[in-house]
Amino acid sequence: MSAPPTRPGPASADSSPAVNDAQLRVAEGLSGSDPGTPPPQQPRTAETLQPEDAYYEGPFLVFTAAFHLKRGYCCNSGCRHCPFR
């Protein structure tokens with residue numbers, strides 16, 4: 001019967017490749033010359049609904065034609081006020 005497989009131990013400091021600060025910033029997604037610079041914020045993908053964009057009809061949120069025109073395309077859901085049909 002053979003011995004169970006062993007897990008490799010921690011790598012020694014001599015066997016790991018040298019990595020400089022710039023490479024670490026790139027690997028961590030940081031930009032800029034200052035290592036403490038936070039990554040840029042992601043752009044917002046959804047805008048806040050305005051009063052003219054929708055209204056409630058019972059429990060349903062009904063989008064207006066103004067909202068559909070701002071969105072710019074038809075979602076093919078059969079919306080009541082779709083200007084693209």
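Mentor: Two strands count as paired when DSSP finds at least two bridges between them, a strand being a DSSP run of E with at least two residues and a helix an H or I run of at least four, both numbered from the N terminus. Bear in mind that this is a predicted model, where local features need pLDDT of at least 70 and side-chain atom pairs need 80 or more, while totals for chains, interfaces and linings use all residues. Numbering starts from 1 along each chain as its sequence is written, and side-chain values use heavy atoms, with hydrogens and water left out.

The chain has 2 helices and 2 strands, in the order α-β-β-α from the N terminus. β1 and β2 (residues 60-63) run antiparallel and are joined by 4 bridges, with Ala 54 opposite Phe 63 in β2. They make a hairpin with 2 residues between them, and Gly 58 in the turn has a positive phi of about 70°.

Now for Asp 53, in the loop between α1 (21-28) and β1 (54-57). Asp 53 counts as buried because its relative accessibility is 2%; the cut-offs are under 20% for buried, over 50% for exposed and partly exposed in between, with a 1.4 Å probe and protein chains only. Across the chain, 12% of the 85 residues are buried. A polar atom of the Asp 53 side chain sits 2.9 Å from the backbone nitrogen of Gln 50. Skipping neighbours within four places in sequence, Asp 53 is in contact (heavy atoms within 4.5 Å) with Thr 48, Val 62, Phe 63, Thr 64, Phe 67 and Lys 70.

Terms used. Polar contact = N/O pair within 3.5 Å; in protein donor to acceptor, adjacent residues only side chain to side chain.
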